[in-house]
Amino acid sequence: MKMKKVLFIMGMSLTVSGLFAQGGTAPASSSGTITDKKGEVYLPQAGDWAISMDATPWLNYFGNFFHGGATPNVAPTAAFLNGNNTLVGKYFVDDHTAYRALLRLGFSSYSQNNEIQGSDLSDSIFPYTQVEDKRSISSHFIGVGGGMEKRRGNGRLQGYYGAEIMFFIAGSDTTYTYGNPYNSVTNANPTYTNWNNPGGPTNVFGLGAGRLTDNQPGSTFGVGLIGFIGFEYFFAPKISIGGEYTWGFGFQSTSQGSFTREELNPTTNADETNTYKTGGSSGFSLDNGLNQAFGSGTGSLYINFHF
C-alpha cells in the first residue's frame, strides 16, 4: 500500500514539473516539431516556400496610422507603398537549408509644369500672355539575385547564415520643353524656368549661352557578392520577424551619358541644337551594406511569411 502511494506522488510530481517546463509556450509534437494548440507548425519545413520583405515600411505604416502620418499631408498607406522594397523568395530543400531569390523592379515617371510670362515681342502688351515650361523625369531600376541560406536552432528563435550574388542596372532621363522659343531675330533672349528654384526668378537665355532640352546620365550596372548572417523569431505559425547583417564585395560601372541643349552660335548667330557626351565611372568596394542599392541597408529588419 505504501509503495502504491509513493508511485502516485512521483507521478503527480512529474506531471506538474512537465507543465511548468512548458512555460505556456507552443507544445512540441512527438517528432520535436513545434506546434500551436491547433497543431499548426511554427517552423519552416522541407518543401516550404517563403516570402520576405523589409519590415520597416510595415512598422512605419502602423506607427503612422496611429499617429496620423510621419510627415504632414502624407497618408500612412502612401508612405508604405512608396518605399523601396526588395522581394526575397525562399524554397526550403530541407528543414535547415533554403535557396534564396531576390527581385527589385522600380520604374518612376514624374513631370512638373511652371507658368511664366511670355517673352516674345508679341507678348509685350499688357495683360501679358503666359507660357508653360515643363520638366519630365523618368527612371528605372532592375535588380535580381540568388543564394543559399543555412539555419540553426530548433526553437522559435532561429539563426541563419549564407551567401548570395546580386546584379542590377539603373538609369534615368530628364527632358525639358519651353514655352518661350528663341530665335536670333525675333526673340534672342527668351526667359525660361530655373528648375533649381521653379518659384523664383526665371533664367534669361542669351547669345552664346544654352539651355538643356535632354539630360541622360549613363546607365549604371552593378554586381555584388555578399555574405549574410541573421536571426528570425516565429511569433506565429510560419510567420516571423528578424534582422540581417551583410558584408561582401561590390562592383559597379556607369557608362558614358549625354546631354542636349539649344544654343545660339555666337559666330554665325544661328540657332543650333547640339549633343555632348559626359564621362563614365567605375569602382569596387569590400564593405558592409552593399545591398543598399536593393533598398536594404547594412542591418535590415525583415518580416517573413512561410507557406
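A cavity here is a set of grid points where a 1.4 Å probe fits but cannot get out, and its volume is the space filled by probe spheres set on those points. The model is predicted.

**Cavities**

Searching the whole structure gives two cavities of 30 Å³ or more. The largest cavity holds about 70 Å³ of space. Its lining consists of Ser52, Val88, Lys90, Arg100, Tyr160, Phe231, Glu232, Gly242, Gly243, Glu244, Tyr302 and Asn304. Two or more lining residues come from each of strand 2 (87-94), strand 9 (220-236), strand 10 (239-254) and strand 14 (299-306). Of the elements, strand 10 contributes the most, with three residues. By class, the lining divides into four nonpolar, four polar and four charged residues.

**Aromatic pairs**

There are six aromatic pairs in the structure. Two of them are described here, one per row of the table.

| Pair | Centre to centre | Angle between planes | Class |
|---|---|---|---|
| Phe141 and Phe168 | 5.3 Å | 10° | stacked |
| Tyr160 and Phe228 | 6.1 Å | 55° | tilted |

The planes of Phe141 and Phe168 stand at 10°, and the limit for stacking is under 30 degrees; the pair is therefore stacked. Phe141 belongs to strand 4 (residues 130-152) and Phe168 to strand 5 (residues 157-177), so that the pair links distant parts of the chain, 27 residues apart. Both Phe141 and Phe168 are buried.

The second pair, Tyr160 with Phe228, is tilted, with 55° between the planes. Because Tyr160 is in strand 5 and Phe228 in strand 9, this pair ties together parts that are 68 residues apart in sequence. Tyr160 has 5% relative accessibility and therefore counts as buried. Phe228, at 4% relative accessibility, counts as buried as well.

**Charges over rings**

Over the ring of Tyr160 sits the charged end of Lys90, 5.2 Å from the ring centre. Over the ring of Phe228 sits the charged end of Arg100, 3.9 Å from the ring centre.

Notes. Residues numbered from 1 in each chain as written. Predicted model: local features only at pLDDT ≥ 70, side-chain atom pairs only at ≥ 80, totals over all residues. Heavy atoms only, no water. 1 Å grid on protein atoms, 1.4 Å probe; cavity = no way out; pocket = protein on both sides within 12 Å on 5 of 7 lines; lining within 4 Å. Helix = DSSP H or I, 4+ residues; strand = E, 2+ residues; numbered from the N terminus. Nonpolar A, V, L, I, M, F, W, Y, C, P; charged D, E, K, R; others polar. Phe/Tyr/Trp six-rings, centres within 6.5 Å; stacked < 30°, edge-to-face > 60°. Buried < 20%, exposed > 50% of the residue type's maximum accessible area, 1.4 Å probe, protein only. Lys NZ or Arg CZ within 6 Å of the ring centre and 35° of its normal.
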